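Open the model in your viewer and keep the selection tool at hand. The tour goes from one selection to the next.

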Amino acid sequence: PCIDYDKLLQTIKLAVRFLDNVIEVNQFPLPEIEQMTRTTRKIGLGVMGFADMLIQLGIPYDSEEGLAVAEEVARFISVEADQASIELAQERGVFPAFQGSIYDIPDGPRFRNASRTTIAPTGSLSIIANCSSGIEPLFALSYVRHILEGEEFVEVNPYFEEAARKGGFYSGELMKRLAEGKRLRDIEEVPDETKTLFVTAHDTSPEWHV
C-alpha cells in the first residue's frame, strides 16, 4: 500500500472550496461572529484516520518512520491547501481583512482565507466515518459498546481483526479480553510484529503522542 497523493490533492482542492462556500451559507449565532468570520474567512481543513493509515502502510505509530510520514503528509496538505486558497482568491478575491494583515507584503501570497488548516480531534466525525480520531493513535483495539436495553456489543478495530484472522490467532475470547482492558503486549499468542504495529493510546508514551 502507498499514499495516493493525486487523490489527496484533488480532495484538498475540493475541500478548500467547500469550506469557503460553507462561510457563505452558514447561519451564525451572533452578528459579531458573522462579521469576523466573513472578514477573515478562516477555514480549518484537517485530517482523521491517521493511525489507520499507518497501520495500512505497516508503520508503527510510535516510530521515527511514523513521524516522517506525518511530516510528509502534513507538509503536502499545508502547501496544497495554501495553493488552493491562492487560486480561489484569484477567482473570488482575498479575504476582506487582507490589507494590513501579516500576508500584506510585496510579492507575498494572496490568500482567500486567513488560515487554511487545523488539527481537530474529530471525535463524533470519526465514529461516523468508522476511523481513528484526528492524528491520535487507536484508542483501543477492542471495546464494549453499550446499546439499547442494556445490551453489550464487543466492537473490534477492523484492521486488527483482519490481521488476527490472517495470523490465525483471532478468537472471540481474545477480543473480549482486550475489551476488558488486557494489553495486547501481554498476550503470548500474538506475534511481536502485530504488537509493534497495533499500539493504542495507552501503550504510547507522551513523547510519541506529541
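Predicted model: local features only at pLDDT ≥ 70, side-chain atom pairs only at ≥ 80, totals over all residues.

Residues are numbered from 1 along each chain as its sequence is written, and side-chain values use heavy atoms, with hydrogens and water left out.

**Stop 1: two helices**

Select residues 5-25, helix 1, and residues 64-92, helix 4. Helices here are DSSP runs of H or I with at least four residues, strands are runs of E with at least two, and both are numbered from the N terminus. Helix 1 and helix 4 pack at about 50°, and their axes are 9 Å apart. Axes are lines fitted to C-alpha atoms, for helices over the stretch in contact, and angles run from 0 to 180 degrees between N-to-C directions. Helix 1 and helix 4 are therefore oblique to each other (under 35 degrees is roughly parallel, over 145 roughly antiparallel, 65 to 115 roughly perpendicular, and the rest oblique).

Now show side chains. Ala, Val, Leu, Ile, Met, Phe, Trp, Tyr, Cys and Pro count as nonpolar, Asp, Glu, Lys and Arg as charged, and the others, Gly among them, as polar.

**Stop 2: the cavity**

On a 1 Å grid over the protein atoms alone, a cavity is a set of points where a 1.4 Å probe fits but cannot get out; a pocket is an open set with protein on both sides within 12 Å along at least five of seven lines; lining residues have an atom within 4 Å of a point. Grid points are joined across faces, edges and corners, and a volume is the space filled by probe spheres set on the points.

Select Ala51, Leu54 and Ile55, which are among the residues lining the largest cavity. Its volume is about 50 Å³. The lining has ten nonpolar, no polar and no charged residues.

**Stop 3: the pockets**

Select Val47, Met48, Phe50, Val73 and Ile77: of the 43 residues lining the largest pocket, these lie nearest its centre. The volume of the largest pocket is about 1,300 Å³.

Finally, select Cys131, Ser132, Phe139, Ala140 and Tyr143, the closest to the centre of the second largest pocket among its 21 lining residues. The second largest pocket has a volume of about 550 Å³.
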